[in-house]
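Please look through the sequence and the model shown below. The report that follows takes up a few topics in turn.

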Amino acid sequence: MSPILTVATTPFSDQKPGTSGLRKKVTVFAQPHYAENFIQSIFNALEGYAGKTLVLGGDGRFLNREVIKTALRMAAANGFGRVLVGRGGILSTPAASHVIRKHGAFGGIILSASHNPGGPEGDFGIKYNAGNGGPAPEKITDRIFALSKTITAYKILDGAAPDIDRLGEKKLGGMVVEVIDPVADYQALMEQLFDFDVIRSARQRGLTVRFDAMSAVTGPYAKAILEDALGFPRGTVVNGTPLPDFGGHHPDPNLVHAKDLYELMMSADGPDFGAASDGDGDRNLIIGKQQFVTPSDSLALLAANAHLAPGYGKGLAGVARSMPTSGAVDRVAARLGIKCYETPTGWKFFGNLLDAGLITLCGEESAGTGSNHVREKDGLWAVLLWLNIVARRQDSVRAMVQAHWRDYGRNYYSRHDYEEVDAEAANGLMKALRDGLPGLAGRKAGAMTVTAADDFAYHDPVDGSDTGQQGIRLHFDDGSRVIYRLSGTGTAGATLRVYIEKFEQHDINQETQKALADLIRFANGTAEIARRTGRKTPSVIT
Ligand code: VG1
Ligand code: CO
């Protein structure tokens with residue numbers, strides 16, 4: 001049996017997990033001991049895993065294979081009994097969440113920097129998910145960070161990790177490594193939740209689909225489900241092979257990075273239904289023929305129609321959205337007579353609500369939607385739920401969205417991102433806003449008046465934990481909102497996100513930036529964005 005090595009190391013001071021795990025440049029992760037220190041800190045933060053099962057996989061980006069092999073050797077040295085690893089080191093984030101739950105694993109390690117670019121100059125990430133399949137809650141990530149600052153050694157098995165490209169079981173020290181098909185369990189779950197026959201019938205009636213996997217992890221999943229199982233023609237899935245550098249693109253399914261899809265969908269002869277996912281497969285972009293659907297609207301429409309899919313036929317227990325996400329879903333919840341919870345940004349805050357059975361669906365404005373089927377947001381799941389609904393209603397996406405707005409009114413919504421801003425300038429801007437909160441009420445943006453301003457704090461109704469400083473909110477007298485927060489997923493400088501929302505009952509077909517113009521002007525002026533960041537325009541508008 002290979003000996004266990006104890007390797008002396010010194011701490012890195014910057015291993016603080018952000019909104020979704022630890023994300024850094026590849027060059028940072030490639031430093032000797034960097035990944036090992038963090039993985040050992042994860043294990044050190046956990047208790048009672050001896051002999052238990054760990055799930056391991058990633059989005060296939062540059063460094064994925066190397067870190068998978070390191071993690072296997074470290075899991076063996078630290079006493080795990082079994083590791084379920086996706087073939088080739090591949091598991092989408094939602095698939096990993098499902099595998100953890102289905103196989104009753106102790107937890108899982110997911111290697112991903114999600115929507116961030118990949119390749120040698122790009123980003124890498126590691127995150128720990130607990131036995132419920134969800135991202136570790138803050139009390140665990142805080143402990144991981146604390147331990148990473150005092151670590152002195154890590155344990156690793158001497159000798160090579162086994163081949164991860166062939167299915168089946170192999171021994172690594174005293175541990176079993178089981179290489180699993182990354183798609184099979186996930187596909188079986190989708191077949192339970194959705195009516196594949198109804199979707200097949202819609203295809204036979206002529207429904208056409210384009211799915212852009214952005215050269216990221218969802219390619220194999222989308223091909224197996226959309227093309228092989230549902231019978232959409234080959235070529236329905238584009239950019240369907242996961243590449244270590246995502247083909248040089250930014251695997252972020254928004255109107256900037258999925259521009260080709262957007263243009264195709266807006267053209268007269270485009271397909272009926274278009275979608276894209278991100279690096280690790282947990283985000284979704286939905287665009288109907290000549291109808292973009294904002295993620296916030298998508299959540300609302302899915303909540304209003306989910307009962308049309310077999311997995312949700314009994315209706316919804318409740319819903320939740322992250323605080324900056326628009327209030328469109330709140331209106332649906334009110335009509336359904338169910339509760340709508342408001343959480344801080346990041347999927348880890350939905351976990352307790354899902355585990356407690358308080359909610360069935362949840363989502364974020366950042367192209368994340370999910371349900372109680374796993375404990376992560378799930379890109380392909382959202383696409384299938386949409387397809388199931390479209391097929392049942394025999395309606396176009398455009399007709400559905402327009403009818404929804406006529407019925408509920410429209411929450412105009414946009415997010416302005418200022419990327420790679422000087423960190424000190426960004427912190428200064430947030431501090432000035434925070435300090436200025438008491439003076440904001442009463443100020444005017446066009447015809448709207450600020451009625452309240454605060455820094456969002458969340459009290460978790462399930463475990464009683466409190467989380468503060470989750471974003472500066474300005475509320476207006478007509479229900480409009482402006483929100484400022486700093487990103488917790490970036491790896492260079494700071495990213496300022498400004499979220500702008502305005503509700504309109506009747507005038508539902510304006511251009512979004514125009515409808516929001518007064519609020520945008522007010523948001524820029526109040527935070528002195530141009531003066532403090534040196535930026536006149538956002539880097540990305542979604
Ligand atoms: C962003 C999004 C947030 C999402 C997070 C992880 O975080 O705003 O809604 O949960 O990314 O998504 P931030 O802190 O940069 O705003 V993923 O698909 O990158 O794991
Ligand atoms: Co992601």
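## Cysteines

The count of disulfides comes to zero, a disulfide being a pair of cysteine sulfur atoms within 2.5 Å. The sulfur of Cys-340 has its closest cysteine sulfur in Cys-362, 10 Å away, which is too far for a bond. Cys-340 is partly exposed, with a relative accessible area of 24%, whereas Cys-362 is buried at 0%. Here buried means under 20% relative accessible area, exposed means over 50%, and partly exposed is in between, using a 1.4 Å probe and protein chains only.

## About the model

This is a predicted model, in which local features need pLDDT of at least 70 and side-chain atom pairs count only at pLDDT 80 or more, while totals for chains, interfaces and linings use all residues; side-chain values use heavy atoms, with hydrogens and water left out. Residues are numbered from 1 along each chain as its sequence is written, and chains are lettered from A and ligands numbered from 1 in the order in which they are written.

## The cobalt ion

Which residues are the protein donors of the cobalt ion (ligand 2)? They are Ser-114 (OG), Asp-278 (OD), Asp-280 (OD) and Asp-282 (OD), and they lie 1.9 to 2.1 Å from the ion. Donors are N, O and S atoms within 2.8 Å of the metal (3.2 Å for Na, K and Ca); water is not among the atoms, so sites may look incomplete. Along the chain, the donors of the cobalt ion follow the spacing S-x163-D-x1-D-x1-D.

Ser-114 is in the loop between β5 (107-111) and β6 (123-129), and Asp-280 is in the loop between β12 (273-276) and β13 (285-288), so this pair ties together parts that are 166 residues apart in sequence. Strands (E, at least two residues) and helices (H or I, at least four) are DSSP runs, numbered from the N terminus. Ser-114 is buried, with a relative accessible area of 3%, and Asp-280 is also buried, at 3%.

## Around ligand 1

There are 20 residues around ligand 1, and Thr-19, Ser-114, His-115, Ser-366 and Thr-489 come nearest. A residue is near a molecule if one of its heavy atoms lies within 4 Å of it. The shell divides into no nonpolar, ten polar and ten charged residues. In this division Ala, Val, Leu, Ile, Met, Phe, Trp, Tyr, Cys and Pro count as nonpolar, Asp, Glu, Lys and Arg as charged, and the others, Gly among them, as polar.

Arg-23 has a side-chain N or O atom 2.9 Å from an oxygen atom of ligand 1. For Asp-282, a side-chain N or O atom is likewise 2.9 Å from an oxygen atom of this ligand. Ser-487 has a polar side-chain atom 2.6 Å from an oxygen atom of ligand 1.

## A five-strand sheet

Five strands form an open sheet with mixed pairing, in the order β11-β10-β12-β13-β14. The edge strands β11 (237-238) and β14 (291-293) each pair on one side only. Two strands pair if DSSP finds at least two bridges between them. Strand β10 (residues 209-212) pairs with β12 in the parallel sense over four bridges, and Val-209 stands opposite Phe-273 in β12.

## Two positive phi angles

Phe-246 is not a glycine, yet its phi is positive, at about 55°. This residue is found in the loop between β11 and α9 (259-266) and is buried, with a relative accessible area of 0%.

Gln-469, also a residue other than glycine, has a positive phi near 50°. Gln-469 lies in the loop between β23 (466-467) and β24 (472-476) and is exposed, with a relative accessible area of 54%.

Notes. A polar contact is a pair of N or O atoms within 3.5 Å; within protein, one must be able to donate a hydrogen and the other to accept it, and residues adjacent in sequence count only if both atoms are side-chain atoms.
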